[in-house]
Amino acid sequence: MIKYLKYKDLKNRKFFFKTEHQKFIFSFFLKGKKMEKNQQFKFMLKNQLLFHNYFKNKLVNRCIISYKVRSVNRLTSLTKNNFKNYFDYGNLMGFKKSSW
């Protein structure tokens, strides 16, 4: 199950970044001032047709090691359990244990 989630997540991320780049290019052409209205309309139609159904799912923060979704730290991209294990063995640099 984890291998499938990893494959699906990587596939979604590649597809998202590819379409995001294309969307950026189309929006650049749409905002061009020296373009005829006919061409501008064609770019607007292409933009709507290409990206209408592509963004039904969203990218989710996942743990680098276990690919779990819940309790993922943004700074390290690790879940709480993996962060604790790596921190206890001293594998994470730059973190210091705090006491009250």
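These are my notebook entries on a predicted model of one chain.

**Entry 1: ground rules.** I number residues from 1 along each chain as its sequence is written. The model is predicted, so I take local features only at pLDDT of at least 70 and side-chain atom pairs only at pLDDT 80 or more, while totals for chains, interfaces and linings use all residues, and side-chain values use heavy atoms, with hydrogens and water left out.

**Entry 2: overall layout.** I looked up the secondary structure and found 3 helices and 0 strands. Helices here are DSSP runs of H or I with at least four residues, strands are runs of E with at least two, and both are numbered from the N terminus. Along the sequence the pattern reads α-α-α. I then checked burial, and 16% of the 100 residues count as buried. Buried means under 20% relative accessible area, exposed means over 50%, and partly exposed lies in between (1.4 Å probe, protein chains only).

**Entry 3: helix H1.** H1 has 29 residues and covers residues 2-30. The expected span is 1.5 Å times one less than the number of residues. In H1 I noted Asp9, Thr19 and Phe26 as buried. Phe28, also found in H1, is exposed at a relative accessible area of 57%.

With Phe24, Ile25 and Phe29, Phe28 makes a nonpolar surface patch of about 430 Å². Patches are made of residues with over 30% relative accessible area and no salt bridge; like charges are joined within 9 Å, and nonpolar side chains (Val, Leu, Ile, Met, Phe, Trp, Tyr) within 5 Å. The areas come from the Shrake-Rupley method with a 1.4 Å probe, and for residues only the protein chains shown count as cover.

**Entry 4: aromatic rings.** I searched for ring pairs and got 2. Phe83 and Phe87 have ring centres 6.1 Å apart and planes at 10°, so I log the pair as stacked. Rings of Phe, Tyr and Trp (its six-membered ring) pair if their centres lie within 6.5 Å; planes under 30 degrees apart count as stacked, over 60 as edge-to-face and the rest as tilted. Phe83 and Phe87 sit 4 residues apart in helix H3 (residues 80-88), which separates them by about one helical turn. Phe83 is partly exposed at 22%, and Phe87 is partly exposed at 23%.

The other pair is Phe83 with Phe95: centres 5.3 Å apart and planes at 85°, so edge-to-face. Phe83 lies in H3 and Phe95 in the segment after H3, so this pair ties together parts that are 12 residues apart in sequence. Phe95 is partly exposed as well, at 33% relative accessibility. I record Phe83, Phe87 and Phe95 as one aromatic cluster.

Entry 5: The structure holds 1 salt bridge. The term requires a side-chain nitrogen of Lys or Arg within 4 Å of a carboxyl oxygen of Asp or Glu. The partners are Lys84 and Asp88, at 3.2 Å from N to O. They are 4 residues apart in H3, hence separated by about one helical turn.

**Entry 6: the loop between H2 and H3.** Helix H2 covers 37-50, and Ser66 is found in the loop between H2 and H3. Ser66 is buried, with a relative accessible area of 17%. I found a polar contact of 3.5 Å joining the side chains of Ser66 and Asn82. A polar contact is a pair of N or O atoms within 3.5 Å; within protein, one must be able to donate a hydrogen and the other to accept it, and residues adjacent in sequence count only if both atoms are side-chain atoms.

Ser71 is placed in the loop between H2 and H3 and is partly exposed at 41%. I took one C-alpha distance here: Ser71 to Asn61, 10 residues apart along the chain, is 9.4 Å.

**Entry 7: backbone angles.** Most residues other than glycine have a negative phi. Tyr67 has a positive phi of about 60° although it is not a glycine. Tyr67 lies in the loop between H2 and H3 and counts as buried at 16% relative accessibility. Ser77, not a glycine either, has a positive phi of about 60°. Ser77 is placed in the loop between H2 and H3 and is partly exposed at 25%.
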